[in-house]
Amino acid sequence: MAQAGSWGPWGATACWSLDLPAESRWVAGLAMVLLCLLCITQASQAHQKPSSEVVGAVDRVAYLSPSLQSKTSYHEVHWRRNNTLKLASRDGTGEVWYRNNSYWGRLELFPNNTLKISHLQKSDSSMYQLYMEDETGKGVIESVLLTVYELVPKPTVNAKVIRGDAEHCEATLECSVGLKAVTYEWISPSKAHWNRTSTSELHVSLSSSPDTYTCKVSNPVSSNNASLIYRHPCSWTGDSSGAASCTSTSVPMALALHLLILLLLTLP
């Protein structure tokens, strides 16, 4: 949120004294305290509400841009993180300099006041403030919220068979990437629709027809997927090295005995 006003060297407006009679000074003092508290509260709320939000990916680039499309030429501009850590500045001569901190070598301040951050890290997620001051000392503050996400790797998928026989297959499909703040989607060409779910598991009940289930995992900056292929009677295989071999957790006793009899018949 942009905030206009005037200040000293990027500080809050100072409180002033009033020439009042002695008996009224305590009233004026109380009013001044309340006024200062109100100013501090409003400034804090303004800084907490970003004028824009930016998402980025680890090791990629993010651009923090002011939302104001004004032709005003600001005398000085300063970028900070959380109102305290100084990042980049440009003075009235147009000279740009960068602070020697964890962002060193990763910043570039453009003439339109956009700040470029390269080689993003998860720890770069934070609120950033842009301070812009004209020649009269009046300034504008904008806040930009940056959230950095990891790129989604190829999911690991497997199937746990609950019940399987010559006519029916019931299983739980599992999908995992080891990341938080991701969404899961399952698709089957035979069903021609995505099955959105907040969890990484999908329960299926199939007949003898072959089928393929693809798990798509996404976050705001990337997505990846892996598939499980179903074959009758109840076997599952992955589509790549990113997919784990599927395991069976239970088999009906009748099917187990049938396989045992076939094995005995083949022995000499």
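1. Let's start with a charged pair: lysine 160 and glutamate 174 form a salt bridge, and their closest N and O atoms are 3.5 Å apart. Lysine 160 counts as partly exposed, at 35% relative accessibility, whereas glutamate 174 counts as buried, at 17%. Please keep in mind that this is a predicted model.

2. How many salt bridges are there by this rule? The count comes to three. One of them joins arginine 106 and aspartate 124, with 2.8 Å from N to O. This pair links distant parts of the chain, 18 residues apart: arginine 106 is in the loop between β6 (96-98) and β7, and aspartate 124 is in the loop between β8 and β9. Arginine 106 is buried, with 8% relative accessibility, and aspartate 124 is buried too, with a relative accessible area of 1%.

3. Aspartate 165 and arginine 163 also meet through their side chains in a salt bridge, at 3.4 Å from N to O. Arginine 163 is partly exposed, at 39% relative accessibility.

4. Now to strand β4 (residues 76-81). Five of its six residues are buried, so β4 is largely enclosed by the rest of the structure. β4 pairs with strand β9 (residues 126-133) in the antiparallel sense over six bridges, and there histidine 78 has tyrosine 131 as its bridge partner. β4 also pairs with strand β5 (residues 85-90), again antiparallel, over five bridges; here arginine 80 is partnered by lysine 86. β4 and β5 make a hairpin with three residues between them, and asparagine 82 in the turn has a positive phi of about 55°.

5. β3 and strand β8 (residues 115-117) share three bridges, and tyrosine 63 has lysine 116 in β8 as its bridge partner.

6. Finally, have a look at leucine 151, in the loop between β10 (138-149) and β11 (156-164). Leucine 151 is partly exposed, at 37% relative accessibility. Beyond its neighbours within four places in sequence, leucine 151 is in contact with Ala57, Arg60, Leu179, Val221 and Ser222. The C-alpha atoms of leucine 151 and aspartate 59 are separated by 9.3 Å, although these residues are 92 residues apart along the chain.

Technical notes:
Residues are numbered from 1 along each chain as its sequence is written. This is a predicted model: local features need pLDDT of at least 70, side-chain atom pairs count only at pLDDT 80 or more; totals for chains, interfaces and linings use all residues. Side-chain values use heavy atoms; hydrogens and water are left out. Buried means under 20% relative accessible area, exposed over 50%, partly exposed in between (1.4 Å probe, protein chains only). Helices (H or I, at least four residues) and strands (E, at least two) are DSSP runs, numbered from the N terminus. Two strands pair if DSSP finds at least two bridges between them. Contact means heavy atoms within 4.5 Å. A salt bridge is a side-chain nitrogen of Lys or Arg within 4 Å of a carboxyl oxygen of Asp or Glu.
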